[in-house]
Amino acid sequence: MKPLHIDEEVTIRTDEDARRAPETENDAAYISEKSGITHVPLERWQKAQKAERNHWMVRGRHVANDRNDQHMAMFDGYAAPRGRRFTHALELSCGPFTNLSLIGQLCQIESVSLLDLLIESYLSHKFCNYTRERLYTRRGGLDAWLRPVLGRVWPAAYRFLARELFPSHNMSVRQLLALPIEQMPEIEPAADLLVIINVIEHCYDIQAVFRNILAALDRGGLLVFHDRYYDHEQVSQTVLSQYDAAHPLKVDRCVLDGFLQTHFDPIYQRIVPERFTLEGVDFSFDTLYYIGYKR
Ligand SMILES: C[S@@+](CC[C@H](N)C(=O)[O-])C[C@H]1O[C@@H](n2cnc3c(N)ncnc32)[C@H](O)[C@@H]1O
């Protein structure tokens, strides 16, 4: 297998240094017996958070989207929640852009809570879609040119104009939580919509994440879930030659299936094989798109 090493500065190496890197830095010690990597020590996860901050606040400071449109397309345009009314939506590890900013265009959401460990930093990202008070939905029409042009050269003016021109397209923010999901306190009131997209592999303890999803979501509430759908055997092989600081967890699909089947009734499920290469290294994987009601 070709070597690959991505460090906390998000520097990608596939050369001789990358070949030697696993001798000093690899995730092989965290492989479980059959479930991939389901938890790592906090020191390992802190490297991932450093990479994540570099990714969005340094390298990605001009980026306006984290494949959120692609996820929307894979969720069939969020047909499942479309037209519905929610009292309290919660997005876990929302990033600067959020997926609720897309879902909120299609349904009525009275209030939202947003959680991300880096949320205080993201508030200063020039394409952040929320403030402490409001979450803004993505806007079409005028915004399609306003955002890339004015947003780039004069972000403060862009934000002001966008909010003034589209005042009704926003949701009230109940709370911003700058915490790991694993340490989330009780959410009041419980959410009737919980969104967690492209998150698990960034965390440090899958069982704590599962527990807190169940605690935060009301019975009958809707879960919108997406993540990589790993295979234990493949993970066991790749960790020997490949290291990616930003992605400490690599949870086998049977763990995700067990959680979802035990606690949710599915209304949408799709497995998407994503095939691509990074610096000539095959980096293909399957991903799961899932929407279900909590039992
Ligand atoms: C790839 S981004 C995805 C952001 C967002 N879900 C989206 O789709 O646009 C992953 C996010 O997870 C956050 N994160 C990583 N580990 C976390 C944890 N244990 N608890 C909460 N957030 C975490 C990072 O700060 C980052 O913003």
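A backbone N or O atom of Ile 181 lies 2.8 Å from a nitrogen atom of the ligand. This is a predicted model, where local features need pLDDT of at least 70, side-chain atom pairs count only at pLDDT 80 or more, and totals for chains, interfaces and linings use all residues. Residues are numbered from 1 along each chain as its sequence is written, and side-chain values use heavy atoms, with hydrogens and water left out.

Q: How many residues are around the ligand, and which come nearest?
A: There are 23, each with a heavy atom within 4 Å of the ligand. Ser 93, Asp 116, Tyr 122, Glu 182 and Ile 197 come nearest.

Q: Why is Ser 284 called buried?
A: Buried means under 20% relative accessible area (exposed is over 50%, partly exposed in between; 1.4 Å probe, protein chains only). Ser 284 has 17%, so it counts as buried.

Q: What does Ser 284 touch, leaving out residues up to four places away in sequence?
A: Gln 234, Glu 274, Arg 275 and Phe 276, where contact means heavy atoms within 4.5 Å.

Definitions and conventions: Polar contact = N/O pair within 3.5 Å; in protein donor to acceptor, adjacent residues only side chain to side chain.
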